[in-house]
Amino acid sequence: MNELERCYRVLELEPGASLEEVNQAYKDLVFVWHPDRMPQDNTRLQQKAEEKIKEINQARDRLRHSHRTTAQPQTAQSQTRQDKPQPSYSKARYQPPPRPHYTYQPPQSPYPHSSYPPPNSSYQSQSAYTQSSNGQSTRGHASSSNHSSSQSTYQSPPPSSSYQSASQNSQQSRANYTSDFTPPPRQQKPDLSGTDLSGQDLKEKDLSNRNLSRANLSNANLSDAFLHRINLSGANLHQANLFRANLLEADLTNANLTDANLIGADLSGADLRGANLRGARIGVKDRVMVKLTGAKLSGAIMPDGAIHQ
């Protein structure tokens, strides 16, 4: 077996398949083996999925290269364009521009040192000139009797009225917001139990956590739909298309899945007790392509007609 045949075998294709078939097979297998779809607590399956994805990528790249090299020759103009030397781009590491440097400037005092204290202030220094009883001026500290009168009587100006009004408005608006605001009520999803949805196109619809017990979904298209933890107990899914549907931890007890398409579906942790899967498609040839990790299958009728014990 040569390398190309091995790559076709990895993508589950026959040798000589077209590039479109290669791309489609790659998408299908990546969806099935993506590590995010594996249980996070199962290290063995996570490692196996990563190795499988790596092998699928290598096979897809090799077959794409093979298809390009065997394609029809290009025109002279396109060939000439390709022969032109292409500029080489060095993988230079991105250097962000330097951040601007800001120097902190302290706020200026409303009273500069040259004019402080204010000229109209009644401030008196303790060491100022005092006049004695005989009318002569003497310099020195004031006596204890004049100490209280020599202290400063300067008072800071009152806060601005505009600042007070802005602060009061802010507090008032905050009080109104906290008192008047009420969160909107959560919208309850309607109960769809027993609903007739036969033949409906529900592709890629999100029906997670919905109640569709005993609903009629025969011949419905549910491919790539999100059905996480959905309640489908006793539902009729005869010939329904569940290709690559997400049915994690879904309730499928006593559901009718006869002749349904389950290829690529994820039924990890799903409850399939008593479900009828007779004639359901679960893989290609001898390869099972349905995830049943942790699924409950006691009493379920499997595609070959046997009852799972």
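The protein chain exposes about 22,300 Å², and carbon and sulfur atoms supply 49% of that area. Accessible areas here come from the Shrake-Rupley method with a 1.4 Å probe, and for residues only the protein chains shown count as cover. Of the 309 residues in the protein chain, 28% are buried. Buried means under 20% relative accessible area, exposed means over 50%, and partly exposed lies in between (1.4 Å probe, protein chains only).

The model is predicted: local features need pLDDT of at least 70, side-chain atom pairs count only at pLDDT 80 or more, and totals for chains, interfaces and linings use all residues. Residues are numbered from 1 along each chain as its sequence is written, and side-chain values use heavy atoms, with hydrogens and water left out.

The protein chain contains six helices and four strands. Their order along the sequence is α-α-α-α-β-β-α-α-β-β. Helices (H or I, at least four residues) and strands (E, at least two) are DSSP runs, numbered from the N terminus. Among contacts between residues at least 6 apart in sequence, 28% join residues at least 24 apart.

Helix α2 covers residues 19–33 and has 15 residues. From its first C-alpha to its last it reaches 21 Å, close to the 21 Å expected at 1.5 Å a residue. The expected span of a helix is 1.5 Å times one less than its number of residues. The buried residues of α2 are V22, A25, Y26, L29, V30, V32 and W33. They cover an arc of only 160 degrees around the axis, which puts them on the same side of α2; the arc is that of the directions from the helix axis to the C-beta atoms. E20 and K27, on the other side of α2, are exposed. The buried residues of α2 pack against α1 (3–10), α3 (43–69) and β4.

Helix α3 has 27 residues, which should span 39 Å at 1.5 Å a residue; its end C-alpha atoms are 40 Å apart, in agreement with that figure. At the start of α3, a side-chain oxygen of N42 comes to within 3.3 Å of the backbone nitrogen of R44. This is a polar contact, that is, a pair of N or O atoms within 3.5 Å; within protein, one must be able to donate a hydrogen and the other to accept it, and residues adjacent in sequence count only if both atoms are side-chain atoms. Buried residues in α3 include L45, Q46, A49, K52 and I53. The cover over the buried residues of α3 includes α1, α2 and β4.

Q46 belongs to helix α3 and is buried because its relative accessible area is 13%. A polar atom of the Q46 side chain lies 3.1 Å from the backbone oxygen of P35. Leaving aside neighbours within four places in sequence, Q46 is in contact with P35, M38, P39 and Q40.

The next topic is the nonpolar cores. A nonpolar core is a set of buried Ala, Val, Leu, Ile, Met, Phe, Trp, Tyr and Cys residues joined through side-chain atoms within 4.5 Å. The largest has 34 residues, and those with the most contacts inside it are L217, L232 and L247. A second, separate core of 22 residues includes C7, Y8, L29 and A59.

The loop between α6 (161–180) and β3 (283–284) holds E204, and R229 is found in the loop between α6 and β3 as well. Most residues other than glycine have a negative phi. E204 is not a glycine, yet its phi is positive, about 60 degrees. R229, also a residue other than glycine, has a positive phi near 55 degrees. E204 is exposed, with a relative accessible area of 51%, while R229 counts as partly exposed at 47% relative accessibility.

S268 also sits in the loop between α6 and β3. It is buried, with a relative accessible area of 8%. Not counting residues up to four places away in sequence, S268 touches L247, L248, E249, K291 and T293. A295 lies in the segment after β4 (287–288). A295 and S268 are 27 residues apart in sequence, and their C-alpha atoms are 5.5 Å apart in space. A295 counts as buried because its relative accessibility is 19%. Residues up to four places away in sequence aside, A295 touches L267, G269 and A270.

How values were computed:
Contact = heavy atoms within 4.5 Å.
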